[in-house]
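I opened this model to look up a few local features. My notes follow the order in which I went through them.

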Amino acid sequence: MSKNKILIINAHPNSSSFNAAIAETYKQGALEAGAQIQEIIISELQFNPNLQYGYRQRIELEPDLQEAWQKILWAEHIVWIHPVWWGGLPAISKGFIDRLFLPGRAFQYRPNSVFWDKLLKGRSAHIITTLDQPGWYYRLFFGRPSVNQLKRSVLQFCGISPVKVTYVGIVRTSSPALRQKWLQKVKRLGLHRK
């Protein structure tokens, strides 16, 4: 599977966070490896994150969401970078998913069936998530709810596979030297298009 067209999604609400440094470092590595890059910084988009009618009534996508969707369709590989807050995704990130990954667009329920068609096949993804606990602790004691939600219930549900996961943490107590070490690892991920 080609991974030359890479979309980097920064899902942290603060565009100057350590997640932004991770996104920029991954981008540098991927560009050095010859990849084409597009980016979505969710916090910079203008859209209503509330899917107020559920799936009963369609709300027109704002221009920023229309552009974001075109980037998702363009991508062969999606790198999704986000912090874990209360075990899950930041609210703006969840709103982005609710508004954009819609029936008929990202997936399609089959009539009179519990099954569905996955409309985003042919893409892979890599989730890079920051934590204030070790990754093993998040997996073992909490069951990694944000990963289950984003990897299984969104990306794979819509046909994006395989989906790899990289944990970065403990961020809260990390030293500048440790953060630099993490960024070096992220750059290697970009260089090898993982």
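Which residues make the nonpolar surface patch of about 590 Å²? I found Trp 136, Tyr 137, Leu 140, Phe 141 and Phe 142 there. Patch members have over 30% relative accessible area and no salt bridge; nonpolar side chains (Val, Leu, Ile, Met, Phe, Trp, Tyr) are joined within 5 Å, like charges within 9 Å. Accessible areas are from the Shrake-Rupley method with a 1.4 Å probe, and for residues only the protein chains shown count as cover. Phe 142 belongs to helix H4, residues 135–142. Helices (H or I, at least four residues) and strands (E, at least two) are DSSP runs, numbered from the N terminus.

A note on the source: this is a predicted model, in which local features need pLDDT of at least 70, side-chain atom pairs count only at pLDDT 80 or more, and totals for chains, interfaces and linings use all residues. Residues are numbered from 1 along each chain as its sequence is written, and side-chain values use heavy atoms, with hydrogens and water left out.

Next I looked up salt bridges (a side-chain nitrogen of Lys or Arg within 4 Å of a carboxyl oxygen of Asp or Glu). The count comes to six. One of them pairs Lys 27 with Glu 39, with the closest N and O atoms 2.9 Å apart. Lys 27 is in helix H1 (residues 18–32) and Glu 39 in strand S2 (residues 36–41), so this pair ties together parts twelve residues apart in sequence.

Then I checked the backbone. Most residues other than glycine have a negative phi, and most peptide bonds are trans. Asn 112 is not a glycine, yet has a positive phi of about 55 degrees. I located Asn 112 in the loop between strand S4 (107–109) and strand S5 (116–118). The peptide bond from Ser 161 to Pro 162 is cis, with omega near 0 degrees. Pro 162 sits in the loop between helix H5 (145–156) and strand S7 (163–168). Gly 169 and Ile 170 are also joined by a cis peptide bond, with omega about 20 degrees.
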